2 protein chains.
Amino acid sequence: MKIKGFSFSAVAAGVRYKGRLDVAMIHSEIPCVTAGVFTTSMVKAAPVVLDMDRLQRFGEAQTILANSGCANACTGEEGMEAAKTTGRFAAKRLGIDERLVLLSSTGVIGEALNVEAFEKNMDALVGGLSPAKFDDVARAIMTTDTVPKTAERTLILGGKEVTLIGVAKGSGMIMPNMATMLAYICTDVAIDFGALQKALRSANSRTFNRITVDGDTSTNDMVLVLANGCAGNTPITILDSPAGTAFAEALEDILKDLSLQIVRDGEGATKMITVRVESAGSELEAEQLARTVANSALVKTAFFGEDANWGRILAALGRAGVSFDPDMVDIFFNDVQLVCNGRAVGGQADSRAAEVLKEKEILLTINMKRGVDVAEIYTCDFSFDYVKINADYRS
Amino acid sequence: MKIKGFSFSAVAAGVRYKGRLDVAMIHSEIPCVTAGVFTTSMVKAAPVVLDMDRLQRFGEAQTILANSGCANACTGEEGMEAAKTTGRFAAKRLGIDERLVLLSSTGVIGEALNVEAFEKNMDALVGGLSPAKFDDVARAIMTTDTVPKTAERTLILGGKEVTLIGVAKGSGMIMPNMATMLAYICTDVAIDFGALQKALRSANSRTFNRITVDGDTSTNDMVLVLANGCAGNTPITILDSPAGTAFAEALEDILKDLSLQIVRDGEGATKMITVRVESAGSELEAEQLARTVANSALVKTAFFGEDANWGRILAALGRAGVSFDPDMVDIFFNDVQLVCNGRAVGGQADSRAAEVLKEKEILLTINMKRGVDVAEIYTCDFSFDYVKINADYRS
């Protein structure tokens with residue numbers, strides 16, 4: 001994947017582990033209009049605090065400096081100093097203002113960032129910048145991820161080809177308001193800050209904010225979109241225009257692609273499950289019901305066991321904080337109806353559902369018969385390996 | 001355990017499985033003042049709906065008829081008819097009004113109650129009533145429980161000895177507003193309905209509502225207290241009196257004992273963890289913070305792995321919906337301080353914490369330095385066996 005005006009690099013700097021790519025750089029020839037959304041946790045890592053401040057003040061960036069192995073979270077003033085220092089190394093070597101560098105980290109919380117690893121490797125990192133190394137960035141930001149995650153979209157705006165390429169990481173600590181979930185989108189579209197930020201907020205709310213692996217939200221989540229304008233389209237200033245809408249759709253599409261890649265690679269996941277709540281009284285209500293089902297450990301272990309245990313689904317709905325009549329609820333596994341008006345359908349439904357449960361991707365549809373609103377939450381099952389990965393993570 | 005005026009019985013009726021005690025009866029010679037608290041789920045099992053109605057209308061009961069193997073939840077009108085019918089069998093055989101029989105079920109959701117099993121075994125059940133069979137009740141209501149759970153307390157009120165004996169079951173689907181959590185307390189205290197219900201609500205909020213195994217709330221939770229007055233104490237009518245306070249404390253004490261037995265026997269649990277939040281701005285805030293930590297799959301798997309991963313604890317606090325300054329938080333494992341003002345203490349703290357983590361019961365204390373309020377939530381770790389038990393439960 002390539003895109004006009006951007007180059008990429010990654011090195012094995014030994015931030016925490018030896019012999020794996022762990023520091024990455026995304027760099028644009030010229031400053032980019034830049035939008036960002038960040039974790040809603042009260043406990044925000046130093047790079048999150050720093051980037052939020054820089055984007056709020058300047059709305060532009062030219063470089064992302066990212067690392068895995070260390071989250072630089074719960075590290076106090078020294079952590080903030082460390083983030084700034086590593087950014088300064090990059091700015092100096094690139095010959096740009098340090099405020100144009102955004103920092104991004106993922107890994108263990110509470111350990112000091114290995115600043116020296118950045119200093120020693122900055123020449124190699126910047127020297128290695130190339131338009132062809134996007135995949136190296138994807139690999140460098142992986143933690144418990146088993147596969148790198150990238151996506152690409154193109155669209156034509158007023159005769160000009162516009163490209164978006166995106167990279168993401170995330171596998172555990174994935175829930176509502178994002179997760180140890182990092183995603184960077186590079187695009188050559190010409191757009192102003194207001195329109196880009198609005199497009200990102202909207203797209204993010206229906207993609208990264210609709211996935212959950214384990215219900216835990218990270219201290220380090222961020223999605224950044226850098227737009228350098230090199231496509232030469234008439235700059236988008238109003239999102240509610242034909243060009244604005246087309247770009248917003250492409251952005252949502254690429255974020256959805258990346259977010260589903262994260263769910264499929266959920267820690268220990270053997271299946272991906274879409275929990276779709278239909279005919280709810282409002283979109284918020286639909287989302288709340290779907291999210292409660294998607295986060296239920298009992299529902300997720302039943303999927304792992306390939307057990308069509310719809311009672312657990314109804315029990316999860318019952319504690320979602322939404323008022324409803326259980327005797328109206330229908331439940332489907334793909335096209336197999338298991339529950340009609342709160343009761344088992346019986347007959348062949350159970351054996352047909354058992355067949356559905358052998359599949360790797362399952363659509364669980366819940367019809368509330370209360371209204372017209374719909375929401376989907378994307379999740380995975382809960383396996384032995386989730387426990388294994390998370391009992392052993394730091395060792 | 002024995003108590004004046006009460007007798008107990010249990011039989012292997014084959015409600016779902018053969019050859020194990022699965023139907024139990026608790027019976028008082030005379031009608032009892034009876035208080036109850038029930039699941040807050042929107043999806044309530046038939047016996048829950050029936051008992052809530054009976055207690056609200058009459059405030060008294062003489063008999064509890066309980067079963068394991070089938071929850072009689074999500075079974076519609078036929079499920080309600082089945083619950084009433086089994087109660088009628090008991091009432092007829094005992095020669096009492098059917099409204100004095102309370103029903104209670106636990107087991108798989110969505111399957112029809114095996115009414116015939118009750119009918120065939122009612123003679124044996126009632127015929128077997130004996131003051132000495134309380135332990136049989138404890139065994140008959142077990143599902144994934146590995147040990148029966150009973151407790152006893154005595155106190156002296158105005159020279160009269162008052163006894164409380166209690167039985168509980170619960171192992172998974174255990175969270176906030178109780179769980180597939182059944183508990184029955186028999187006492188010979190003389191007390192009026194208002195005082196008993198108030199005492200139960202208060203005691204329950206600090207005991208059964210403060211435990212969590214997996215964050216799932218059941219359709220069948222209930223705690224019932226039957227008071228037959230046989231102790232001959234001056235009837236308690238005001239809870240805020242010396243006798244009322246003494247009884248309320250004993251009730252809270254026995255409920256806490258039973259609720260901790262449930263946590264220790266949590267599905268797959270290898271450790272019991274008390275999450276204590278101190279110096280919070282309010283008790284509600286303390287409870288919310290403690291509950292979020294206690295329900296975090298990442299925190300629970302770290303305890304299973306004996307990994308002092310305090311970063312996950314801070315991350316869980318961060319998403320609890322409470323506004324606080326992370327740089328004020330202290331964290332202790334037993335008496336070992338791991339975090340001071342949001343930062344790692346370092347030095348020997350990690351190795352000392354590793355020693356603490358080998359223990360079977362661990363106190364995790366979190367000091368918020370915001371106020372004076374405290375709350376504790378009781379939970380267990382999250383192991384391979386939790387997944388195994390819940391992936392296989394129905395098969």
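Residues are numbered from 1 along each chain as its sequence is written, and chains are lettered from A and ligands numbered from 1 in the order in which they are written. Because the model is predicted, local features need pLDDT of at least 70 and side-chain atom pairs count only at pLDDT 80 or more, while totals for chains, interfaces and linings use all residues.

Biologist: How many helices and strands does chain A have?

Modeller: Helices (H or I, at least four residues) and strands (E, at least two) are DSSP runs, numbered from the N terminus. On that basis chain A has 11 helices and 15 strands.

Biologist: What is the radius of gyration of chain A?

Modeller: The radius is taken over C-alpha atoms, and the globule rule is 2.2 Å times the number of residues to the power 0.38. For 395 residues the rule gives 21 Å, and the value for chain A is close to that, so the chain is as compact as a globular protein of that length. The radius of gyration is 22 Å.

Biologist: What distance separates the centres of the two domains of chain A?

Modeller: Domain bounds come from an automatic or database domain assignment. That assignment gives domain 1 (6–264) and domain 2 (272–392). Taken over C-alpha atoms, the centres are separated by 33 Å.

Biologist: How many residues of strand β1 of chain A are buried?

Modeller: A residue is buried if 20 or more other C-beta atoms lie within 10 Å of its own, exposed if 12 or fewer, and partly exposed in between, with C-beta atoms placed from the backbone. Strand β1(A) covers residues 6–11 and is mostly covered. The buried count is five of its six residues.

Biologist: Which residue stands opposite V11(A) in β2(A)?

Modeller: Two strands pair if DSSP finds at least two bridges between them. β1(A) and β2(A) (residues 23–38) run antiparallel and are joined by six bridges. Opposite V11(A) stands V23(A).

Biologist: Which strands stand at the edges of the seven-stranded sheet in chain B?

Modeller: The sheet is open, with mixed pairing and the order β8-β15-β10-β14-β11-β12-β13. Each edge strand has a single partner, so one side of each is left without a neighbour in the sheet. The edge strands are β8 (211–212) and β13 (343–344) of chain B.

Biologist: Which residue stands opposite V339(B) in β13(B)?

Modeller: Strand β12(B) (residues 336–340) pairs with β13(B) in the antiparallel sense over two bridges. The residue opposite V339(B) is A344(B).
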